[in-house]
Amino acid sequence: MLAIITPKSLKQKPGCLMTSEATAIYTAITDQVGQAGEQEVEDYLASLVEQAIVYAEMRANWALASNDDRVKNDAYRTHVHDSVIYYVTIISRSLEQAGIKTTWFQQLVPSGNTNVDRKRIGDFACYICYLYAVSAR
């Protein structure tokens with residue numbers, strides 16, 4: 001049976017990225033990428049969006065998948081998740097190199113370690129997917 005998830009139940013999950021946090025982080029990223037005005041950073045953001053959408057679909061289906069399906073898809077899901085982490089990190093580094101402070105990165109990765117905060121970054125990917133899904137109506 002499918003469990004009903006609510007914002008209240010999400011708040012009880014340790015480290016869960018809430019919508020308000022994700023909104024602030026995504027707004028900061030898009031503003032700073034525009035401020036940097038560098039095509040390479042814009043391309044990184046486009047790649048982040050693409051990978052986030054792929055990852056979010058996989059993550060949502062994970063809740064419904066059988067154990068056999070999870071085993072079959074785990075390596076690819078991990079690869080896509082790693083890709084999302086890569087693009088978040090490279091965007092932050094590129095902006096820092098351009099002299100732009102990326103305090104949003106500390107909000108997204110509070111431990112300072114992307115391996116520790118993998119789930120939060122995955123939450124962020126799902127938020128990005130949400131934005132693009134709703135905008136496609």
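Trainee: Buried or exposed: which of these is G99?
Mentor: This is a predicted model, in which local features need pLDDT of at least 70, side-chain atom pairs count only at pLDDT 80 or more, and totals for chains, interfaces and linings use all residues. Residues are numbered from 1 along each chain as its sequence is written, and side-chain values use heavy atoms, with hydrogens and water left out. G99 lies in the loop between α4 and α5, where helices (H or I, at least four residues) and strands (E, at least two) are DSSP runs numbered from the N terminus. Buried means under 20% relative accessible area, exposed over 50% and partly exposed in between (1.4 Å probe, protein chains only), so at 63% G99 counts as exposed.

Trainee: How far is G99 from A36 in space, C-alpha to C-alpha?
Mentor: Along the sequence, G99 and A36 are 63 residues apart. In space, their C-alpha atoms are separated by 8.8 Å.

Trainee: And W62, which class of accessibility does that residue fall into?
Mentor: W62 belongs to helix α3. Because its relative accessibility is 21%, W62 counts as partly exposed.

Trainee: Which residues touch the most other members of the largest nonpolar core?
Mentor: Such a core is a set of buried Ala, Val, Leu, Ile, Met, Phe, Trp, Tyr and Cys residues joined through side-chain atoms within 4.5 Å. Here the largest one has 33 residues, and α2, α3, α4, α5 and α6 each give two or more. I91, leaving aside neighbours within four places in sequence, contacts I29, V33, Y44, L45, L48 and W104. The members that touch the most others are I91 and F124.

Trainee: Which element gives the most to the lining of the largest pocket?
Mentor: On a 1 Å grid over the protein atoms alone, a pocket is an open set of points for a 1.4 Å probe, with protein on both sides within 12 Å along at least five of seven lines, and lining residues have an atom within 4 Å of a point. The largest one has 32 lining residues, with L10, K13, R59, D123 and C126 nearest its centre. Two or more of the lining residues come from each of α2, α3, α4 and α6. With eight residues, the element that gives the most is α6.

Trainee: How many disulfides does the rule count?
Mentor: A disulfide is a pair of cysteine sulfur atoms within 2.5 Å. The sulfur of buried C16 (17% relative accessible area) is 9.8 Å from its closest cysteine sulfur, in C126, so that pair is too far apart for a bond. C129 is buried as well, at 19%, and its sulfur is 7.0 Å from the closest one, in C126, again too far for a bond. The count of disulfides is zero.

Note on methods. Contact means heavy atoms within 4.5 Å.
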